[in-house]
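Open the model in your viewer and keep the sequence beside it. We will go from stop to stop, selecting as we go.

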Amino acid sequence: MDLIPSFSVDHTAIVPGIFVSRVDTLEDKLVTTYDIRVTKPNVEPAIDVAAMHSLEHLIATYLRNNDEWKDEIIYWGPMGCLTGFYLIMKGNRAPQEIYDLLVDAFKSVEDATEVPGAQAVNCGNYLMHNLPMAKWNANKFVKYLTDNAGKPEIFEYPKTERLVTDDGKNFFDS
């Protein structure tokens with residue numbers, strides 16, 4: 001079985017940043033999935049589940065209300081490993097082209113006084129939110145992105161090199 005593209009990224013080398021995870025064609029239109037990596041996998045702690053949930057609500061609300069970008073946004077949601085988010089957008093832009101949008105989205109968390117949609121009628125787990133930790137994680141990520149804005153490693157995936165057998169199959173060790 002082939003390893004899916006997101007698992008071929010070298011998670012020992014990736015740093016927080018904005019990466020193109022994949023580009024797909026859907027009904028003759030390009031759709032791009034971005035990996036918005038907020039913490040360094042397997043080095044930094046994963047984002048607290050309640051904070052991740054709050055960030056999901058806050059950033060999704062920001063993106064879908066941003067007049068310039070809202071028609072391009074398809075999906076914003078957390079990674080299962082709790083180290084970042086996936087953003088799916090219409091078209092195919094370089095990560096640098098959505099850098100300002102994401103910095104502004106994470107900056108907007110600082111001004112939040114409540115988590116939108118955090119009521120039982122709107123959310124399947126409305127009690128699982130942590131706005132103070134969401135703000136802490138958002139501020140940390142904004143600082144990291146702005147401190148490293150000129151570095152290509154926050155925009156380019158490191159790839160895992162796999163040995164290929166003589167018959168063209170990928171070799172995976174245990």
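Predicted model: local features only at pLDDT ≥ 70, side-chain atom pairs only at ≥ 80, totals over all residues.

Residues are numbered from 1 along each chain as its sequence is written, and side-chain values use heavy atoms, with hydrogens and water left out.

**The sheet.** Select the strands (DSSP runs of E, at least two residues; helices are runs of H or I, at least four; both are numbered from the N terminus). Four strands form an open, antiparallel sheet in the order 1-2-4-3. Strand 1 and strand 3 are the edges, each pairing on one side only. From one strand to the next, the twist averages 15°. Pairing here requires at least two DSSP bridges between two strands. Strands 3 and 4 pair over 5 bridges. For one of their residues, select G77: its bridge partner in strand 4 is Y86.

**The loop between strands 3 and 4.** Now pick T83, which lies in this loop. Is T83 buried or exposed? It is buried, at 5% relative accessible area. Buried means under 20%, exposed over 50%, and partly exposed in between, using a 1.4 Å probe and protein chains only. Leaving aside neighbours within four places in sequence, T83 touches I36, R37, V38, T39, P41 and M52. Contact means heavy atoms within 4.5 Å.

**Helix 2.** Select residues 99–108. The buried ones are Y99, L101, L102, V103, A105 and F106. Their cover includes strands 1, 2, 3 and 4, plus helix 1 (49–65) and helix 3 (131–147).

**Salt bridges.** A salt bridge puts a side-chain nitrogen of Lys or Arg within 4 Å of a carboxyl oxygen of Asp or Glu. The count is 6. Select D35 and R37: their closest N and O atoms are 2.7 Å apart. D35 is buried at 0%, and R37 is buried at 2%. Next, take D67 and K70, at 3.5 Å. D67 is exposed at 65%; K70 is partly exposed at 36%. Then select E72 and R93, also a salt bridge, at 3.5 Å. E72 sits in the loop between helix 1 and strand 3 and R93 in the loop between strand 4 and helix 2, so the pair ties together parts 21 residues apart in sequence.

**The surface.** Finish with F7, in the segment before strand 1. F7 is exposed, at 51%.

Conventions:
Axes fitted to C-alpha atoms, helices over the stretch in contact; angles between N-to-C directions.
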